[in-house]
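Colleague: Can you take me through a few spots in this one? I will ask as we go.

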Amino acid sequence: MSNRFLILSLSLLITIGLAYYHVKANSTDEISGASAHWVSVDRLIWDVPSITEKIEIRYSQNADIRVSNGSVENGTVIQVGEEAELNDDLADAFRHIADRSTFEVDVELEVIREAVKGQLVALAFDSRGRVIDATRVQFPGLIDDTMIYNGLLGPIYHDSGISLAVWAPTAQELRLKLYDADKNHIQTVEASSNNEETGVWYFKGTHEWDRTFYRFEVQVYHHINNQINTFVVTDPYSVSLSTDSRYSQFADLANDESLKPDGWDNLRKVLPAPTDITLYEAHVRDFSFFDETVPDEHRGTYLAFTYNGQNGRALSAGMEHLIRLSNAGLSHLHLLPVNDIATVIEDQEERVDLHHPYNRLCDFIENERLEQECEEFGDTPIIEVFEMLAEQNPVTDRIQLPYNEPGRFSGMAGRDGFNWGYDPFHFNAPEGSYSTNPDGTERILELRQMVQALAEIGLYVVIDVVYNHTFDSGLSRFSVLDKIVPGYYHRYDVDNGLIETSTCCDNTAAEHYMMEKLLIDSVILWAKYYKIDSFRFDLMGHHPRYVMENLQEALAEYNIDDHGFEGHAIYIYGEGWNFGEVANNRIFDQATQFNMGGTGIGNFNDRMRDGIRGGNFTDRGRFQGFVSGMYLFPNEDASANPDENLGHLLYDADRIRVGLAGNLSTYPYINRLGELVTGGNEMIGFTLMPQETVNYIDKHDNETFWDNTQTKLPMDMSMDDRARIHLLGNAFINFGQGVPFYQMGSDILRSKSLDRNSFDSGDWFNRVDFSLDTHNWGTGLPPGWDNANRWDDMVPFLTSDVIHVEKNHMEFAHEVFLDQLRVRYSSPLFRMENPRDIHHRLAFHNTGPDQIPGIIAMTISDVGCVNQPYDVNYDGIVVVFNDKDEATEIELGIWGAKLHPVLANGSDPIVKEAREENGVYFIPAHTAAVFVMPAGTSNGNFPCNELKAN
């Protein structure tokens, strides 16, 4: 589970709780919670008291139902009948409450359509006719059974004009309000039709509506305040927005040539096979904010990516870095969310960024200690103050001070231009803070320019999508879905009716049909109109598996000839974590790691990650992993029990071996106990296809790999060895089967000064410098909200005289990383698509209880294992990972292998010492060496995997 927004999540819980209390405290009724569930036209699930004699549902479009002292006032009655059974489909769809009492409801559709437009209460009566229980009715199942819609929503452009469709089945009234460029209200438009069967309201206009701003005025009941409200709200299907997303805007994504870069319609991309993908995770603002080779006005924006040296354009340091990676084989740039988000202020007049004078902080933030800082530093730019403080003291807490009040408008974290972006506001419009002009359509054009510029250097684009929650709900300004159809799009506690917040914020419910539709419609919009090539799903385990499969099917209907993109080839992956109210398939079969085998959808491989890095410093302290020294070179705080440490090391080695084999649950191997098992043993491997594992050692969450490893290693270890260990960790990812994934900057030893959760830590702690003139280690204690409990533990590392990253260390790391990519892309044997090939071709040596600790030896054969050869150049490949702090030899009995030519002629002088003599392989310390057997030279001397597990 991601740890971002920890404090924000707690504050949201408090806010929701207070709102709930407010409703209860300001009413005289005895309506409690929301434990009745109207799940279809004719079924109500509700556990009523045992003495119940009669049940009824009441609705009121005036929201005036009151229950007090056993009596009920107002509302129209719907009688509820006898107990009844759920059919199999309903019992599965509502499995988490299917064991509760179910009752028959006999009511006309016309009545249902009226009932959902107001207050809806279930009542239980005793034999004397007294109300003994009353609760709000949850109705998403009923809506899905009666009023779903499969057509277009949002702005629709056609030859005769522009129309607008919005799904709002619970609205009593809905109007369209139009605004000019200055946001002056110019017209209110009545709906041309309201389809009661689908819940869709339609508006028709002329082409003059194009570029006009608009909002909806909706009259609707909301349970949060138990009132009929009139909300003025933006369009859930907005494609363009005003500054800070206060207004939607009509824009023609398909045909408006002014919104397309030159040659946009001719950009057709043939997508690679998933196992040919390597992912590099970036953030739009991180990428260029400190890049002095990008003009000031374009730093931190989409346009920074256009400085690619193509067609007469300048070449920035960041783009030059990406070009080197692309030329070495990197295929995809993964971008943290680029859709509209709630927690960055787009109006720069209201912002506080690093270039502003320090005393500007005190114009927006009330903090006694900060006021003293403002007085001291005056109008000195914030960044200059931070640089001075960090130089004076690498563990100062004064840099984090302005950030350490996370949340909207409550500190620099809420006032600057930085946030990871996992706080969706509008799903279908680009984020405006990354544009040079957030007011209107410039964001559309500039995001497309970015995609095109990346394609020009050979990089495909992934976007991070966050459909598992919204930033807010209820009456908030940042509530959209929950104002259009209150009580539908989110997932609610089955008893108290409060929104579930296990993701961090207000959980959405893709098991509800129209939320699933929004998710699928949105992904298709990004693929079709922005030429996005892959999608990474945040907290994918909170979605049903069938929704992800339905998305695959929907995408597959699009082809490059007719639609400009290959829908079937778009790679989907995500976080299949199993937690929260949906855990263990409680509500539906989740899109979690162990549920997704056979779908082709990727999941992050935390088993291999933890085996390599040894867990996170913040969670497990100095507990070491395979590369960071467990048993082999224990740190000062390691266990004194060598047998215990050896057990951990060998278990980590097994997890890494399974990861190297595509994390296949079916892969046969000999484990550390000498047992013949498959990858799924001990809940390690979870895939049925290698493309289903995304192998990684760090991403935006938690400490960077560099930072985390420094806390694990012995304090006196040299910088050269520290860099080699970092690169050895990268080698496990680059030389394994599956889809490699890296956080941007991992190839240059990226640091966030030990920040374990930099979601709102500003540009300073998220700094990346592609000039390599600076490094972010020891640039102040990270913000306290998720780090303060470890501050004292961080000090010895951040102040260490040994851990000092120089430019030459970063240059070396980058060059060796490029060599690793070149090796991976030199042979398809590293990128096998078929699990059968991995089963037969890939074998591990040095396994079982008598293995040499710290050595993982792997062979990949191209002769004799299966009929079809993979690589015309090689009979096979030998890869030996030596994690020991001394050179080691291992006998494999494979003669004639040569060090891979990329490594033999590469950037690492140490790996060039690796060699094979008479079947014995000599490997330097902290080194991954790859050997190749040229085609036709093995004479049948290259092993296959002969193991066959039961």
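Colleague: Which residue in strand 40 does lysine 898 stand opposite?

Modeller: Lysine 898 stands opposite valine 932 in strand 40. Bear in mind that this is a predicted model.

Colleague: Switching to strand 1. Which residue in strand 2 is opposite tryptophan 38?

Modeller: Leucine 44 in strand 2 is opposite tryptophan 38. Strand 1 and strand 2 (residues 43–45) pair in the antiparallel sense over 3 bridges. A hairpin through 2 residues joins them.

Colleague: Does strand 1 run parallel or antiparallel to strand 9?

Modeller: Parallel, with 2 bridges between strand 1 and strand 9, the latter being residues 131–138. Alanine 36 stands opposite valine 137 there. Strand 1 itself, residues 36–40, is mostly covered, with 5 of its 5 residues buried.

Colleague: Tryptophan 526 next. Where is it, and is it buried or exposed?

Modeller: Tryptophan 526 is in helix 13, which spans residues 513–530. Its relative accessible area is 1%, so it counts as buried, the cut-off being under 20%.

Colleague: How far apart are tryptophan 526 and isoleucine 463 in space?

Modeller: They are 8.9 Å apart, C-alpha to C-alpha, and 63 residues apart in sequence.

Colleague: Last topic, the surface. Which residues gather in a patch of negative charge?

Modeller: Glu82, Glu83, Glu85, Glu104, Asp106, Glu108, Glu110 and Glu197.

Colleague: Where is aspartate 106 found?

Modeller: Aspartate 106 is in the loop between strand 7 (102–105) and helix 3 (109–115).

Colleague: And why does aspartate 106 count as exposed?

Modeller: Because its relative accessible area is 69%, and exposed means over 50%.

Note on methods. Residues are numbered from 1 along each chain as its sequence is written. This is a predicted model: local features need pLDDT of at least 70, side-chain atom pairs count only at pLDDT 80 or more; totals for chains, interfaces and linings use all residues. Side-chain values use heavy atoms; hydrogens and water are left out. Patches are made of residues with over 30% relative accessible area and no salt bridge: like charges are joined within 9 Å, nonpolar side chains (Val, Leu, Ile, Met, Phe, Trp, Tyr) within 5 Å. Accessible areas come from the Shrake-Rupley method with a 1.4 Å probe; for residues, only the protein chains shown count as cover. A salt bridge is a side-chain nitrogen of Lys or Arg within 4 Å of a carboxyl oxygen of Asp or Glu. Lys and Arg count as positive and Asp and Glu as negative; His and the chain ends are not counted. The place of a charge is taken as NZ of Lys, CZ of Arg, CG of Asp or CD of Glu. Helices (H or I, at least four residues) and strands (E, at least two) are DSSP runs, numbered from the N terminus. Buried means under 20% relative accessible area, exposed over 50%, partly exposed in between (1.4 Å probe, protein chains only). Two strands pair if DSSP finds at least two bridges between them.
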